[in-house]
Amino acid sequence: MRLTARWLPACLFLSAPLFFASNMVAARWLSGSVPPVTLAFGRWTVAALLLLPFIWPALRQGRLRQVPAGLLLLLVLLGGVVSVAPQYGAAAYTSAGNIALIAALTPLLVAVIERLVWGIPLRPAMVAGIALSFAGVLVAAFRGDMAALLRFEFNPGDALMLCAILAWAGYTALLRHRPIALPPLLLLWVVAAGGALFLIPALLLEWGHRGVPHLGAQAFWGMLFLGLVAGIGAYGLFARCVQNFGAARASMAMYLVPAYALALGAALLGESLHAYHAVAMALVLGGVALGTLRWPGTANA
């Protein structure tokens, strides 16, 4: 028992980013068989149905009435709609590794949003970290090809993922500055159920444009996996990490997401690893570390 208690925090720290990375790899695997809005709708529907028995008592007690409806709506739009469907759309154009590298920008984008919306000053190290990480994203987006950079041949998948991660950064910043007085599972159910509900108009447009998809066993198991792993598991594990390590140290676990995604993409999807991946990862993670870690002597910076 003592050995288990000792290793459990480390397992949580290593497992949370693995679950987030598996979401990106699964989206890439399903991109040819399930349209992106259909996939996002299926993920959230599965998550909402699985969570409903656990949060039903809180719903019956009227806990949602304690939170402003406008704030909940904004959280659903950012965390359940805009940060998910474009991410799955990106999977049709770019690799799981690129998706994860762009997602690694989250802590820096949160800092930029906090500066623009709440006036929180950016430390010089944060500015340098943003520049360094953005350079890494450019290396990944243009595949290390300077000629493509000069011609600005930008992969549409990378652009979609950047939109998704901007929404996720907004969701994260909003939760930090406008905390919600709801149990974590209930808030997750609101995001899942609300996300599925607000995706319906886009779902109907997608079906009208592409036709109603014929979803087979691969789509069924894929949506079940995403609902369990990405919709519930990743959030739950990260919440436990925050309880064990605190928010600042727990966020460092997310720096492992690109490494997991690149490895899983290569092992399971046959995605090629190139030298520019290593350069991009070094720049992105180095920039995130520079911008978010507190170095000795900078406690009041």
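1. Residues 24 or more positions apart supply 87% of the contacts in the protein chain with a separation of 6 or more; contact here means heavy atoms within 4.5 Å. This is a predicted model, in which local features need pLDDT of at least 70 and side-chain atom pairs count only at pLDDT 80 or more, while totals for chains, interfaces and linings use all residues. Residues are numbered from 1 along each chain as its sequence is written, and side-chain values use heavy atoms, with hydrogens and water left out.

2. The protein chain has 14 helices and 0 strands. Read from the N terminus, its elements run α-α-α-α-α-α-α-α-α-α-α-α-α-α. Helices (H or I, at least four residues) and strands (E, at least two) are DSSP runs, numbered from the N terminus.

3. Of the 301 residues of the protein chain, 46% count as buried. Buried means under 20% relative accessible area, exposed over 50%, and partly exposed in between (1.4 Å probe, protein chains only). The accessible surface of the chain is about 14900 Å², and 71% of this belongs to carbon and sulfur atoms. Accessible areas come from the Shrake-Rupley method with a 1.4 Å probe; for residues, only the protein chains shown count as cover.

4. Helix H6 (residues 106-118) and helix H9 (residues 156-177) have axes that come within 8 Å and cross at roughly 60 degrees. That makes H6 oblique to H9. Angles under 35 degrees count as roughly parallel, over 145 as roughly antiparallel, 65 to 115 as roughly perpendicular and the rest as oblique. The axes are lines fitted to C-alpha atoms, for helices over the stretch in contact, and angles run from 0 to 180 degrees between N-to-C directions.

5. The crossing of H6 and H9 is right-handed. A crossing is left-handed if the near helix is turned anticlockwise from the far one by less than a right angle, and right-handed if clockwise. On the H6 side, the contact involves Thr106, Leu109, Val110, Ile113, Glu114 and Trp118. They meet Ile165, Leu166, Trp168, Ala169, Gly170, Thr172, Ala173, Leu174, Arg176 and His177 in H9. By class, the residues of this contact are 10 nonpolar, 4 polar and 2 charged. Ala, Val, Leu, Ile, Met, Phe, Trp, Tyr, Cys and Pro count as nonpolar, Asp, Glu, Lys and Arg as charged, and the others, Gly among them, as polar.

6. Leu166 belongs to helix H9. With a relative accessibility of 41%, Leu166 counts as partly exposed. Apart from neighbours within four places in sequence, Leu166 is in contact with Leu109 and Ile113. Leu166 and Ala103 are 63 residues apart in sequence, and their C-alpha atoms are 9.0 Å apart in space.

7. H9 also packs with helix H3 (residues 69-82): the two axes come within 8 Å and cross at roughly 145 degrees. The crossing of H3 and H9 is left-handed. H3 contributes Leu71, Leu74, Leu75, Leu78, Gly79 and Val82, and H9 contributes Ala164, Ala167, Trp168, Gly170, Tyr171, Leu174 and Leu175. The contact of H3 with H9 has 11 nonpolar, 2 polar and no charged residues.

8. The axes of helix H5 (residues 96-103) and H13 come within 8 Å and cross at roughly 175 degrees. That makes H5 roughly antiparallel to H13. Ala96, Gly97, Ala100 and Leu101 of H5 make the contact with Val257, Pro258, Ala261 and Leu262 of H13. By class, this contact has 7 nonpolar, 1 polar and no charged residues.

9. Ser272 lies in the loop between helix H13 (257-269) and helix H14 (275-292). Its relative accessible area is 47%, so Ser272 is partly exposed. Ser272 and Leu262 are 10 residues apart in sequence and 8.9 Å apart in space, C-alpha to C-alpha.

10. Pro213 lies in the loop between helix H10 (184-210) and helix H11 (217-245). Its relative accessible area is 18%, so Pro213 is buried. Leaving aside neighbours within four places in sequence, Pro213 is in contact with Pro35, Thr38 and Trp207. Pro213 and Thr38 are 175 residues apart in sequence, with a C-alpha to C-alpha distance of 8.5 Å.
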